Number of protein chains: 2
Amino acid sequence: MIKIVVDMMGGDLGSAATVEGVLAFLKDHQDVEITAVGKLEELSLLKDKAKLIDARDILPMEAGVMDAIRAKGASMSIAIDQVLEQNADAIVSSGSTGAYLGATSIRLKKLPGVLRPALISPFPTRFLGKQVVILDIGASNENSPQELVQFALMGKLYSQSVLDVLEPKVYLLSNGSEPEKGSPESKEAFKLLEGHFPGFMGNVEARDALNGQADVIVTDGFTGNVFLKSTEGLAKMMSGMIKDAFKRNAFSKIGYLLSKKGFRTMSDALNYKNYGGAMFLGISKVAVKAHGSSDGHAFMHALRVAYRLAKAEIPTQIEKGIKQDA
Amino acid sequence: MIKIVVDMMGGDLGSAATVEGVLAFLKDHQDVEITAVGKLEELSLLKDKAKLIDARDILPMEAGVMDAIRAKGASMSIAIDQVLEQNADAIVSSGSTGAYLGATSIRLKKLPGVLRPALISPFPTRFLGKQVVILDIGASNENSPQELVQFALMGKLYSQSVLDVLEPKVYLLSNGSEPEKGSPESKEAFKLLEGHFPGFMGNVEARDALNGQADVIVTDGFTGNVFLKSTEGLAKMMSGMIKDAFKRNAFSKIGYLLSKKGFRTMSDALNYKNYGGAMFLGISKVAVKAHGSSDGHAFMHALRVAYRLAKAEIPTQIEKGIKQDA
């Protein structure tokens, strides 16, 4: 039985999205015990399906770590209490990233041997259905070469257990493909990985990150965040341009009607809602961060990812892997 | 009279592209003296229009700084000789970026007071016709806070004289818009700019970099390069997806025919060939780096940018600005 605690209140859409997500998730998962934390009066649809825990407060999206620690009545804080109390396997929230990262890593604790936890996220690639995971995308601001080496290991385990890639190809994000390219830290990490880490393939340029060659890309949190946000920004800009192109005149509007199926496939491939959000790796429990604006569909995907990570006992795997490495 | 020296041989398409570019450029620029350096037998169309200097060798695209210094017979090296000999205003090349950056900064010298030269490039924004310039996009790998402050100044002068922005809005690229966000160096630069630098608006996230709010975005060379390459990679991925969507079936192919004008506008807006390549700021002469695969049209734009930078006496402006700041 997998135990998942869910912060029902954190996201922009509140319990409307999370209740729908939990119900959809439960339809095809039997061996799960859900604890839903939130305003009880909004959770009645889950009455016979989950354990309900009341929480009256909601952390705002701009909340920081200290707010999360102080606000003991907030749904996120009570959800973390529940994980500890029940020794649950996983927690899922769509609340403030900063507060969630801080509070889970302080209260749920880093795994022994882990230097720094990392935020990992799947990205679409040029090949429909093929994803690449990138970490860290913003839990840290700077990372040492040793931390990057641990990220390679955590990313590899994620790719194997969630994306079913047998032998993930792992790269360092760099400004050139040659070994001597990269930030000072990533150059050092290159030396530590080369010849020692099965699956390490060298450097990949940001330009080729989404071309499908890599399964796992390792980078420091600042650079990873810039990568995440710049691809997000450009995707938004191009989507706007596509809309403009179709709205140009009566002909182009008909053009849209004739080609919209293909554009829906594209938009699905680019839609973060199909990817289940980001995961926080390196702490003692599975912690999934659904996108703040998750709807029911997106939240269901986040629950699925949490389930798979818990089922694969990712925290235990990471702890083992890091012990072997040391 | 503006004197521009042109390396005619460096790009992927060789003299075919550069000769066409020079001819197109000269059509609407009278007050220019072009020195064209390359294989004389390929430059005959320029005979009465430019000063021709023979060069027998071509640096390969993968050439590094030392190759450029050693290969004295290469068109890029001889072009740099010519700039020095004639005390020309500007140099344009589409050859190896590494070799060009190295050789121009060593031989044409940094301006007094400049800590590090920077590579700057315009990017399209959500608003057709509006561009934003970002620096450094890869001349350095790391930059100090003081260097970032100088980049702000150089970027502002560029925006004013090439893009005709009267009061450019200058931002630091960061992982959040709050002052306390950013890499350690950019946080320090924030403190140095805030309240001291007219036009400094704070931090911008990579997600908002191309939304049109910023005229100039300052970042270290490693991060800037990741930004450049990740937007390039995503644009390529999405363009491929757009093609797939239109190729889906007979209806979508007709859809393309009906809407292609709008998509051409979009593709023009995203096409680097309309932006004239990257510029190297902080050295004693104007140095423009056209894209390696520039065609005649792209190369003409690179020449236009060189002309405008030389006309605005950008090196002198930068030298003055940095003196005032010190």
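**Exercise 1. List the buried residues of helix α3(B), then say what covers them.**

Solution. 
- Step 1. In this predicted model, the buried residues of α3(B) are B:S75, B:M76, B:S77, B:I78, B:A79, B:I80, B:Q82, B:V83 and B:Q86.
- Step 2. The cut-off for buried is under 20% relative accessible area.
- Step 3. That makes nine of 12 residues, and α3(B) counts as mostly covered.
- Step 4. The cover includes the strands β1, β2, β3 and β4 (90-93) of chain B, along with helices α2 (65-70) and α4 (97-107) of chain B.

**Exercise 2. Compare the reach of α3(B) with the expected value, and find what follows the helix.**

Solution. 
- Step 1. α3(B) spans residues 75-86.
- Step 2. Next comes B:N87, with a positive phi near 50 degrees.

**Exercise 3. Give the strand order of the sheet in chain B and explain which strands stand at its edges.**

Solution. 
- Step 1. The open sheet has 11 strands, ordered β3-β2-β1-β4-β11-β10-β5-β6-β9-β7-β8 (chain B), with mixed pairing.
- Step 2. β3 (51-54) and β8 (200-205) of chain B each have a single partner strand, so one side of each lacks a neighbour in the sheet.
- Step 3. From one strand to the next, the twist averages 25 degrees.

**Exercise 4. State the sense in which β5(B) and β10(B) pair, and name the bridge partner of B:L119.**

Solution. 
- Step 1. β5 (118-124) and β10 (278-281) of chain B are antiparallel, joined over three bridges.
- Step 2. B:L119 has B:F280 as its bridge partner in β10(B).

Conventions
Residues numbered from 1 in each chain as written. Chains lettered and ligands numbered in written order. Predicted model: local features only at pLDDT ≥ 70, side-chain atom pairs only at ≥ 80, totals over all residues. Heavy atoms only, no water. Pairing = 2+ DSSP bridges. Helix = DSSP H or I, 4+ residues; strand = E, 2+ residues; numbered from the N terminus. Axes fitted to C-alpha atoms, helices over the stretch in contact; angles between N-to-C directions. Expected span 1.5 Å × (residues − 1). Buried < 20%, exposed > 50% of the residue type's maximum accessible area, 1.4 Å probe, protein only. Contact = heavy atoms within 4.5 Å.
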